[in-house]
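Please read them with the coordinates open.

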Amino acid sequence: MAGTTGGRPSIYPSLLYADAKAAIRQLTEAFGFTELSVYEGEDGRVLHAELVQGNGAIMLGSSGRGGRFDAAMEGAGPTGVYIVVDDVDAHHQRAVDHGAEILMPPTDQDYGSRDYMARDVEGNVWSFGTYAPEIAG
């Protein structure tokens, strides 16, 4: 993330995918995430994965494997996640080069940010931009 360093984030968006391996490929290749950990079950499905972008992270796994979170997410719609990046245009080009569906090209916003939006392989909307609100400690 812009202007940040390591540490432990306090918020982790958590997503479930029918094909978590395809989602991990797209998130790392097209959107520049880095795999922190991926745990697979005996059947090869992703039980839990953590991907990092800047000093933030997301958790994801395969849907349909049971458990309380899987049950709670059943029938839930797509998720929207905003990620701060330093160079929106370069990030956008990477996504385009890897075939990501672009919903909005890089656009200067009235509030001073430059953003673009893309959809992942299972319909979640990812916004990438320069807006990074200061959070008082």
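1. Start with E6 and E7. These two strands pair in the antiparallel sense, over five bridges. Within that pairing, Thr-107 stands opposite Asp-115 in E7. E7 covers residues 114-119, and E6 covers 101-108. Keep in mind that this is a predicted model.

2. Next, the sheet around that pair. Four strands make an open sheet in the order E5-E8-E7-E6, and the pairing is mixed. E5 and E6 are the edge strands, with a single partner each, so one side of each has no neighbour in the sheet. From one strand to the next, the twist averages 15°.

3. What joins E7 to E8? Five bridges do, and the two strands run antiparallel. Met-117 stands opposite Ser-127 in E8. The two strands form a hairpin, with five residues between them. Look at Gly-123 in the turn: its phi is positive, at about 95°.

4. On its other pairing, E8 meets E5, residues 80-84. Here the sense is parallel, again with five bridges. Val-81 stands opposite Trp-126 in E8.

5. Why call E8 largely enclosed by the rest of the structure? Four of its five residues are buried, so the strand is largely enclosed. The cut-off that matters is under 20% relative accessible area.

6. Tyr-131 is partly exposed, with a relative accessible area of 41%. Together with Tyr-82 and Tyr-111, Tyr-131 makes a nonpolar surface patch of about 330 Å².

7. Now the other sheet. Its four strands follow the order E1-E4-E3-E2; this sheet is open, with mixed pairing. Strands E1 (14-17) and E2 (34-40) stand at the edges, each with a single partner strand, so one side of each is left without a neighbour in the sheet. Neighbouring strands are turned by 20° against each other on average, direction ignored.

8. E2 pairs with E3 (residues 46-53) in the antiparallel sense, over six bridges. Glu-40 has Val-46 in E3 as its bridge partner.

9. Leaving aside neighbours within four places in sequence, Ser-37 is in contact with His-48, Ala-49 and Glu-50.

10. How many of the ten residues of H1 are buried? Seven are, and the helix is mostly covered. The buried residues are Ala-20, Ala-22, Ala-23, Ile-24, Gln-26, Leu-27 and Thr-28.

Conventions:
Residues numbered from 1 in each chain as written. Predicted model: local features only at pLDDT ≥ 70, side-chain atom pairs only at ≥ 80, totals over all residues. Heavy atoms only, no water. Pairing = 2+ DSSP bridges. Axes fitted to C-alpha atoms, helices over the stretch in contact; angles between N-to-C directions. Patch = residues over 30% accessible without salt bridge, like charges linked within 9 Å, V, L, I, M, F, W, Y side chains within 5 Å. Areas by Shrake-Rupley, 256 points an atom, 1.4 Å probe, with all protein chains shown as cover. Salt bridge = Lys/Arg side-chain N within 4 Å of Asp/Glu carboxyl O. Buried < 20%, exposed > 50% of the residue type's maximum accessible area, 1.4 Å probe, protein only. Contact = heavy atoms within 4.5 Å.
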